[in-house]
Amino acid sequence: MPNNYAVEAMRSGQLTILNKLGFIISTKYPTSQNPFEDEVAYAKKVLDGSIEDKRLFALLYEPDDAKNWTNDDVVMKQANPLALEIPEVWDDLVLKRERAIVLESSRENFLTKHCNIIYQGRGTESYVSVEQVQKCKVDKIDWRGRSVYVGVDLAMTTDNCAVTMVAMDDSGDGERILALPMAFIPEGRIIEKSRVEKLDYRQMIRNGICIACGDMTVDYSVIEQYVLSLPAKYGVHIESIGFDRYNALSSAQKWEDAGFECVEIRQHSDTLHMPTKLLKEKIEDGLFGFTENRLYEINFENCRCTYDTGLRAYVNKKRSIGKIDEVAATINAVYLLQQNALFGEDDFVIQMV
C-alpha cells in the first residue's frame, strides 16, 4: 500500500475499546513508500526520546551498517535474532547470502526480507539508495549570506516542474552540499496527480514543499517570480541559474533581464555525468543536506540511470519510474556549483544543443 490509510482506519475502529491493542509486523520492502516505513520512523523518534509515547513498544531489527553485507556477519545477526538461537536458520541465511552475491536477481529479496535493507540494485539501474538520502536530512539550514546556484527543470506545462537552490558548506568535517528543492504542479490537476501518482499533493502543498499554480497547466510566471524572490527571502546571492533550453528559454531571458547570469546546460551524459557522480558521492558520504521533504526523497527513489558507451552515468527521465524533476533541477544546480566553486571556472561556456 502506498500510504497508511488502512492502518489508521483500523486504529479508528478501536476508538470505543478501553484497552486498545494492535500489532504491526513486517519486513522491509524494496520501496520506502509504504505504511510500515512511517510506523518505523515514528517508533525511532519514540526510542530516541524526541517523542514521548509510553503506549508504544517496538522491536526494530536492522543493521547499523549495511555497506559490507557480503562479508560482515553482523548485518545478518542484527537483522535476524532468531538465527542466533537456531543454527539451521543461520546456515540457511549464509546460503542465501552466497546466492545473492552471485545472482543479482536474488539480491533484492535477500537484502529486503532477510537483512531489512531497502535495496534497488543495478538490475533496476537505481541512482542512489533512498535510505542514504534520508540520512542526509537536517533540522534546519541557515541560508543567510551564502552564495548559491539555482537549477531549473521546466517540463511541459501540464507536468511537474522544479527549482533547486544549492550551496557549498565547509563548516563541518568536509565540503557538504546543501539543497533547497521546490516542486510546482498545475493546481487544476491536484486530484488527478494525487490519484495517479499515489501521493497526497495537498498535504505536500500545506507542508510548503510544493506550489500549485495555474489551472490545468503550470503558470511559469509563478516559477519565475519564485526564483527572483530567493535573494530577499533567504538572504542569498545567486551566482548563476542553470536551465535546460527545453521550455525554459523565455524564463531564462526574464531572469537575465533582472540581472542574473543564466547558463544553458546541455542535457547529455558528456555534461551531466560529473555532477550526477558528485551528487551521488556526497549523498553516500553523508555530505549532503536538506530539510524534511518527502517529495524530494520520492524523487530520488524514482531515479534510474542510463550509461553511455563510455560508462558515464546520467539520470534518465524516460527510464525512471516516476517524477524526478527535483533531482534533475538539483543536478543542474550541482553542475554550476562544480564548475565554479569546485573547479574554479569563473566564466561558463554556454553549451548549445
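In helix α5, which spans residues 104-114, the buried residues are S106, R107, F110, L111 and T112. Because an α-helix has 3.6 residues a turn, residues three or four places apart point the same way. Among the elements that cover the buried residues of α5 are α3 (73-79) and α4 (87-102). Just after α5, N116 adopts a positive phi of about 55°. As the model is a predicted one, local features such as these are described where pLDDT is at least 70.

From this helix the reader may turn to a strand. Strand β1 covers residues 147-153, and six of its seven residues are buried, so the strand is largely enclosed by the rest of the structure. Which strands pair with β1? One partner is strand β5 (residues 237-243), which runs parallel to β1 and is joined to it by six bridges. Within this pairing, S147 has H237 of β5 as its bridge partner. Another partner is strand β2 (residues 161-169), which pairs with β1 in the antiparallel sense over five bridges. Here Y149 stands opposite V166 of β2. In a regular strand the side chains alternate between the two faces of the sheet.

The side chain of D153 meets that of K317 in a salt bridge, with a distance of 2.7 Å from N to O. This pair links distant parts of the chain, since D153 belongs to strand β1 while K317 lies in the loop between β9 and α13, 164 residues apart. Are the two partners buried or exposed? D153 has a relative accessible area of 3% and is therefore buried, whereas K317, at 40% relative accessibility, counts as partly exposed. K317 also meets D325 through its side chain, in a salt bridge of 3.8 Å from N to O. D325 counts as buried because its relative accessibility is 6%, the limit for that class being under 20%.

The loop between β9 (313-315) and α13 (325-342) holds N316 as well. N316 has a relative accessible area of 15% and is therefore buried. Leaving aside residues up to four places away in sequence, N316 touches R304, T306 and I324. The C-alpha atoms of N316 and R176 are separated by 25 Å, and these two residues are 140 residues apart along the chain.

Salt bridges occur elsewhere in the model too, and the count comes to 26. One of them joins D270 to R266, the closest N and O atoms being 3.3 Å apart. D270 counts as partly exposed at 35% relative accessibility, and R266 is partly exposed with a relative accessible area of 24%.

The cysteines can be considered next. How many disulfides are there? The count comes to zero disulfides. C262, for example, is in no disulfide, and the nearest cysteine sulfur, that of C161, is 16 Å away. C262 counts as buried, because its relative accessibility is 6%. For C305, the closest cysteine sulfur is in C303, and the distance of 7.2 Å is too far for a bond, since a disulfide requires sulfur atoms within 2.5 Å. C305 is also buried, with a relative accessible area of 4%.

The last stop is on the surface. L21, F23 and I25 make a nonpolar surface patch of about 440 Å². Of these residues, F23 lies in the loop between α1 (5-12) and α2 (35-47). F23 counts as exposed because its relative accessibility is 68%, the limit for that class being over 50%.

Note on methods: Residues are numbered from 1 along each chain as its sequence is written. This is a predicted model: local features need pLDDT of at least 70, side-chain atom pairs count only at pLDDT 80 or more; totals for chains, interfaces and linings use all residues. Side-chain values use heavy atoms; hydrogens and water are left out. Buried means under 20% relative accessible area, exposed over 50%, partly exposed in between (1.4 Å probe, protein chains only). Helices (H or I, at least four residues) and strands (E, at least two) are DSSP runs, numbered from the N terminus. Two strands pair if DSSP finds at least two bridges between them. Patches are made of residues with over 30% relative accessible area and no salt bridge: like charges are joined within 9 Å, nonpolar side chains (Val, Leu, Ile, Met, Phe, Trp, Tyr) within 5 Å. Accessible areas come from the Shrake-Rupley method with a 1.4 Å probe; for residues, only the protein chains shown count as cover. A salt bridge is a side-chain nitrogen of Lys or Arg within 4 Å of a carboxyl oxygen of Asp or Glu. Contact means heavy atoms within 4.5 Å.
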